[in-house]
Amino acid sequence: MRPITDVLREYRRGRAVDLASQRLAELIMAVDETNKAGEIVIKIKVKPQKGGGSEKTLHIDVKSKIPELELPEAVFFSDNEGNLHRSDPAQSELTFRDVARDTPQQGAG
């Protein structure tokens, strides 16, 4: 019996096996990043020649379900014009100054 991997390598000059390999690498990286499961499906459709015979037409489809990273919520504040800001525009900002730079050094000299 001939291994299926040989057929995949010969299908369209290796395009099926190349695509499946690329999708597998993408899947592995996404699973590592999201800690969620994913999958790859390699579907092979075989059609016989009209009237019978040994000729077969193959169609190979590679589909993947890559897990996606869920972004956490973030808090924003709106202003009167409908714009969003990371800090509340209705609240005045506190200004700080470096006390060490404003105070003369004692004992220097």
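**Reading burial, contacts and backbone angles**

Modeller: Ile44 has a relative accessible area of 32%, which means that this residue is partly exposed. On the scale used here, buried means under 20% relative accessible area, exposed means over 50%, and partly exposed lies in between, with a 1.4 Å probe and protein chains only. The model is predicted: local features need pLDDT of at least 70 and side-chain atom pairs pLDDT 80 or more, whereas totals for chains, interfaces and linings use all residues. Residues are numbered from 1 along each chain as its sequence is written, and side-chain values use heavy atoms, with hydrogens and water left out.

Colleague: In which element is Ile44 found, and with which residues is Ile44 in contact?

Modeller: Contact means heavy atoms within 4.5 Å. Ile44 is found in strand β1; helices (H or I, at least four residues) and strands (E, at least two) are DSSP runs, numbered from the N terminus. Leaving aside neighbours within four places in sequence, Ile44 is in contact with Ile4, Leu8, Leu58, His59 and Ile60.

Colleague: Which residues make up the largest nonpolar core?

Modeller: In soluble globular proteins, nonpolar side chains tend to be buried together. A nonpolar core is here a set of buried Ala, Val, Leu, Ile, Met, Phe, Trp, Tyr and Cys residues joined through side-chain atoms within 4.5 Å. The largest one has six residues: Leu8, Tyr11, Ala16, Ala20, Ile60 and Val62. Two or more residues of this core come from each of α2 and β2. Tyr11 touches Ala16, Leu58, His59 and Ile60, not counting residues up to four places away in sequence.

Colleague: How does one check the span of helix α2?

Modeller: The expected span is 1.5 Å times one less than the number of residues. Helix α2 (residues 15-34) has 20 residues and should therefore span 28 Å, in agreement with its end C-alpha atoms, which are 28 Å apart.

Colleague: Which residues of α2 are buried, and what covers them?

Modeller: Ala16, Ala20, Leu27, Ala30 and Thr34 are buried in α2. They cover an arc of only 90° around the axis, so they are on the same side of α2; the arc is that of the directions from the helix axis to the C-beta atoms. Their cover includes α1 (4-10), β1 (39-48) and β2 (56-65). The face turned away from this buried side carries the exposed residues Met29, Asp32 and Glu33.

Colleague: Which residue with a positive phi follows α2?

Modeller: Most residues other than glycine have a negative phi. Asn35 follows α2 with a positive phi, near 60°. Asn35 lies in the loop between α2 and β1 and, at 72% relative accessibility, counts as exposed. Arg13 also has a positive phi, near 55°. Arg13 is found in the loop between α1 and α2 and is exposed, at 83% relative accessibility.

Colleague: How far apart are Lys36 and Glu68 in sequence and in space?

Modeller: Lys36 and Glu68 are 32 residues apart in sequence and 8.2 Å apart in space, C-alpha to C-alpha. Lys36 touches Val31, Pro67, Glu68 and Glu70, not counting residues up to four places away in sequence.

Colleague: Which residue lies over the face of Phe76?

Modeller: A charge sits over a ring if NZ of Lys or CZ of Arg is within 6 Å of the ring centre and within 35 degrees of the ring normal. Arg86 lies over the face of Phe76, at 4.8 Å from the ring centre.
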